[in-house]
Amino acid sequence: MLMKIIAYLKIIRPLNCLFAMLTTFIGFWYLNNPQFSYQSFPIFQFPLSIIFACISTFLIAAGGYVVNDFFDFEIDKKNKPDRTLPKGLMSLLQAKKYCFFLFIIGFIFAFWTRNIYCIIIALVNSISLYCYARIFKKTFLLGNIIVAWNACSTFIYGALINSNIQNIMPIVCFSFIYTIMREWVKTIEDYEGDMIGNVRSIAVVLGKLNTARLLWLPAMILVANIYYFYHVNDFLWYALHLVITLPVFVMIIVLCKSKHMNQANLDNNNMKIVRITQKIMKLNMLLIVISFISNDIINLRF
């Protein structure tokens, strides 16, 4: 029984879902509500709508992870055999029922926000996550765009509760572009399994080395956004260069210089480099969010 519970928790990537929930709350909170202060910790002053929105985000994101594993079952046997379904900890039928349950309950919580735009986003994201896993993941670039939209839309989701769209748009832009980059790195990591599964990922179509080189394009757009949204000497100008420009440029150089990147298979050392890069980018997304939260604290709360 305990193993079943663990399997049902593990397959939804609860830390990732909690992070998605956090981004929804940040969309609601960032550079807004100056009447609230961090010192008073006004948890009971939050409207129920943002609580429902955060829960909805968690559940829909969880459903997306489950349906993704359902359709990636054969690929994960090669790429990630330690995942819940390839290890046999949950049947495919159980996973199918579980993902629909999560999507439906998530949509119900979205409905309780009583915000028509939030309801639309919840519906669109649920459908797009299902279609991504079933169809669009195997298509060139479109799957990456769908994932990037779902990542940045959680900020919009929370912002709609509080009419905070204008304040949140810089974070939405950074989130979208950075997620595209991370998705491209993941295609390098998943290259062998994607070849077996006939997935037309960018790494399969262009090759791993060309994909690594192409990362310079979104990286330059990220840097351009820093200069577009913020002035030199702004706190975020320094913070974003520290958590985006420096690590991203170093990671791309390391990837491009990795030996055998242009061969069909990566050796163990180069595969480790790609996996470490992908994990660092995941951690870096959290650091980017922390940078924006720190800016909010500095500018409005004290």
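**View A. Glu-192 is partly exposed, with a relative accessible area of 24%.** The model shown here is predicted, so local features are given at pLDDT of at least 70 and side-chain atom pairs at pLDDT 80 or more, while totals for chains, interfaces and linings use all residues. Residues are numbered from 1 along each chain as its sequence is written, and side-chain values use heavy atoms, with hydrogens and water left out. Glu-192 belongs to helix α9, residues 191-196. Helices are DSSP runs of H or I with at least four residues, and they are numbered from the N terminus.

**View B. Asp-76 sits in helix α4, which covers residues 73-79.** Is Asp-76 buried or exposed? Its relative accessibility is 3%, so Asp-76 counts as buried. Setting aside neighbours within four places in sequence, Asp-76 is in contact (heavy atoms within 4.5 Å) with Asp-69, Pro-81, Arg-83 and Pro-86.

**View C. Helices α12 and α13 cross at roughly 170 degrees.** Two packed helices are described by the angle between their axes and the distance between the axes. Here the axes of α12 (residues 216-229) and α13 (residues 235-257) come within 10 Å. Each axis is a line fitted to C-alpha atoms over the stretch in contact, and angles run from 0 to 180 degrees between N-to-C directions. The crossing angle makes α12 roughly antiparallel to α13; angles over 145 degrees count as roughly antiparallel, and those under 35 degrees as roughly parallel. The crossing of α12 and α13 is left-handed. On the α12 side, the contact includes Trp-216, Ala-219, Met-220 and Leu-222. The residues they and others of α12 meet in α13 include Trp-237, Leu-240, His-241 and Thr-245. By class, the contact of α12 with α13 has 15 nonpolar, 2 polar and no charged residues. In this sorting, Ala, Val, Leu, Ile, Met, Phe, Trp, Tyr, Cys and Pro are nonpolar, Asp, Glu, Lys and Arg are charged, and the others, Gly among them, are polar.

**View D. Helices α3 and α6 cross at roughly 15 degrees.** Helix α3 spans residues 48-71 and helix α6 spans residues 116-134, and their axes come within 8 Å. The two helices are therefore roughly parallel to each other. Their crossing is right-handed. From α3, the contact uses Ser-56, Ile-60, Gly-64, Val-67, Asn-68 and Phe-71. The α6 side includes Ala-122, Asn-125, Leu-129 and Arg-134. The contact of α3 with α6 has 8 nonpolar, 5 polar and 1 charged residues.

**View E. Helices α3 and α7 cross at roughly 165 degrees.** Their axes come within 9 Å. Helices α3 and α7 are therefore roughly antiparallel to each other, and their crossing is right-handed. Ser-49, Ile-50, Ala-53, Ser-56 and Thr-57 of α3 make the contact with Thr-154, Tyr-157, Gly-158 and Ile-161 of α7. By class, the contact of α3 with α7 has 4 nonpolar, 5 polar and no charged residues.

**View F. The count of disulfides is 0.** A disulfide is a pair of cysteine sulfur atoms within 2.5 Å. Cys-54 is in no disulfide, and the nearest cysteine sulfur, that of Cys-118, is 10 Å away. Cys-54 has 9% relative accessibility and so counts as buried. Cys-152 is also in no disulfide; the nearest cysteine sulfur belongs to Cys-173 and is 8.2 Å away. At 3% relative accessibility, Cys-152 counts as buried.

View G. Leu-141 is placed in the loop between α6 and α7 (142-161). Leu-141 is not a glycine, but has a positive phi of about 70 degrees. Its relative accessible area of 28% makes Leu-141 partly exposed. Ser-163 is in the loop between α7 and α8 (165-189). Ser-163 is not a glycine either, and its phi is positive, at about 50 degrees. With 70% relative accessibility, Ser-163 counts as exposed.

Definitions and conventions
Parallel < 35°, antiparallel > 145°, perpendicular 65-115°, else oblique. Left-handed = near helix turned anticlockwise from the far one by under 90°. Buried < 20%, exposed > 50% of the residue type's maximum accessible area, 1.4 Å probe, protein only.
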